Amino acid sequence: MLTIVSICIGSGTIFYTNFLVEQLKEREKQQIELFAKTLEYTINEESGSNIYFITDKILFENKSIPTILTNETGDIIDYRNIAIDSSRHSLSEIQKRLSRAFEDMKNRYEAIPVTVRDGHSSPIIFGYVYYSNSFLLKQLTYYPYVQLAVIALFGFIAYLAFSYSKSAEQNRVWVGLAKETAHQLGTPISSLMAWMELLREDPDMKEKNAITELDKDIRRLQIITERFSSIGSVPALQPENINQIITNGIQYLRPRISSRVSVKTISVSENIMVMINTPLFDWVIENLIKNAVDAMGGEGAITISILRGSERRVFIDVSDNGKGIPKSKIKEVFKPGYTSKKRGWGLGLTLAKRIIEIYHNGKIFVLASDEINGTTFRISLPST
Ligand SMILES: Nc1ncnc2c1ncn2[C@@H]1O[C@H](COP(=O)(O)OP(=O)(O)OP(=O)(O)O)[C@@H](O)[C@H]1O
Ligand SMILES: [Mg+2]
């Protein structure tokens with residue numbers, strides 16, 4: 001709608017100004033014709049000696065339209081309103097400017113002939129009046145374009161300011177919500193840990209496996225809290241061995257995903273160091289693996305390849321052989337709220353993008369996706 005309305009306003013302005021330009025042109029033409037006629041009349045009436053004085057007078061009345069009067073052979077007799085200052089410009093400069101203006105006039109409008117009778121039966125040509133557009137007319141021709149350009153520039157700046165304030169607001173929501181979540185989780189976790197200590201001392205409990213399982217869950221809750229508190233502040237990056245981080249992440253996820261899904265890592269080297277915030281990066285890998293598992297319907301193969309790209313970059317490609325992303329949706333998947341799942345929030349990839357791009361100064365994108373070969377997401381990070 002916005003585009004259509006802007007196009008309408010733009011073309012309306014141009015159309016209307018062109019209409020004004022045409023009218024002004026017509027008026028200037030009439031003015032010049034009147035000059036020519038007056039000239040003709042005066043020449044016919046007066047004796048020859050006064051001609052130059054009169055032409056000068058008449059042409060002098062015209063203060064805006066550039067005009068040149070020539071004799072019948074085309075030599076310039078007089079000119080008006082051409083940017084020439086005879087006190088400042090040299091003779092050659094005057095000549096140059098005059099001939100340039102003359103060429104322009106010849107190409108623009110047809111010259112108006114001035115005829116004399118002077119005793120002859122049929123009129124003979126005395127000279128020609130050449131003219132071009134006045135400064136006002138020239139300005140009016142360009143005016144709508146200048147105006148539209150200024151409006152467009154203003155609109156662009158307004159748009160930038162608006163989108164900046166929008167994303168600043170989104171940031172505040174992300175950060176605020178994450179901090180609050182971490183904060184709220186903190187209290188029950190500390191209390192759970194205290195209870196754990198008590199339970200550990202209970203001999204009845206030792207028999208059962210409960211303690212170990214509870215311990216795992218508490219640790220899991222701590223990881224979650226750490227993630228939320230990391231995303232709610234400026235997370236510290238540390239040089240980490242990327243293979244190690246990914247292997248640990250997979251180890252953690254392995255018991256939580258179907259045994260019919262295989263997960264393997266391929267790496268060009270065992271010692272690739274990258275600046276990483278581990279709790280947040282784990283979260284990204286977890287989201288990508290979960291999405292891959294969903295896309296494969298719980299059966300298939302996930303491959304994580306760690307590669308070295310050019311210009312000191314490390315690529316982490318997460319591939320699955322699932323159902324792929326339709327071409328039209330590839331741009332959508334990173335937008336908050338986009339999901340194709342019944343129970344999805346459409347936040348996993350938004351979060352991943354935020355973590356990689358804002359906190360790790362990297363990039364995440366769909367490298368390839370089709371129905372047959374599945375999908376590959378690529379994370380590109382600067383290497384240390
Ligand atoms: N590996 C993949 N293969 C096919 N489609 C995918 C893949 N990863 C993401 N998608 C598509 O992108 C959508 C958005 O993913 P995203 O992780 O942001 O949200 P979600 O998984 O639907 O919900 P959640 O917030 O629980 O993660 C998914 O619903 C799915 O349609
Ligand atoms: Mg997801």
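Arginine 97 is partly exposed, with a relative accessible area of 27%, where partly exposed lies between buried (under 20% relative accessible area) and exposed (over 50%), using a 1.4 Å probe and protein chains only. This is a predicted model, in which local features need pLDDT of at least 70 and side-chain atom pairs count only at pLDDT 80 or more, while totals for chains, interfaces and linings use all residues. Residues are numbered from 1 along each chain as its sequence is written, and side-chain values use heavy atoms, with hydrogens and water left out.

**Salt bridges**

- A salt bridge is taken as a side-chain nitrogen of Lys or Arg within 4 Å of a carboxyl oxygen of Asp or Glu, and by this rule the count comes to 19.
- Arginine 97 forms a salt bridge with glutamate 93, their closest N and O atoms being 2.7 Å apart; because the two are four residues apart in helix α3 (residues 91-108), about one helical turn separates them.
- Lysine 353 and glutamate 357 also meet through their side chains in a salt bridge (3.2 Å, N to O), and these residues, four apart in helix α9, are likewise separated by about one helical turn.
- Lysine 353 is partly exposed at 27% relative accessible area, and glutamate 357 counts as partly exposed at 29%.
- Salt bridges that share partners join Glu197, Arg200, Asp215 and Arg219 into one network.
- Within that group, the side chains of aspartate 215 and arginine 200 meet at 3.6 Å, N to O, a pair that links distant parts of the chain, with aspartate 215 in helix α6 (residues 210-231) and arginine 200 in helix α4 (residues 135-201), 15 residues apart.

**The sheet**

- Helices (H or I, at least four residues) and strands (E, at least two) are DSSP runs numbered from the N terminus, and two strands pair if DSSP finds at least two bridges between them.
- Five strands form an open sheet in the order β6-β8-β9-β11-β10, with mixed pairing, and its edge strands, β6 (261-267) and β10 (363-370), each pair on one side only.
- Strands β9 (residues 313-320) and β11 (residues 374-382) run antiparallel and are joined by seven bridges, with phenylalanine 377 of β11 as the bridge partner of valine 318.

**Helices across the sheet**

- Contact means heavy atoms within 4.5 Å, and angles run from 0 to 180 degrees between N-to-C directions of axes fitted to C-alpha atoms, for helices over the stretch in contact.
- Helix α8 (residues 278-295) lies across β6, β8 (300-309), β9, β10 and β11, running at about 170° to β11.
- Helix α9 (residues 348-359) lies across β10 and β11, at about 135° to β10.

Technical notes
Chains lettered and ligands numbered in written order.
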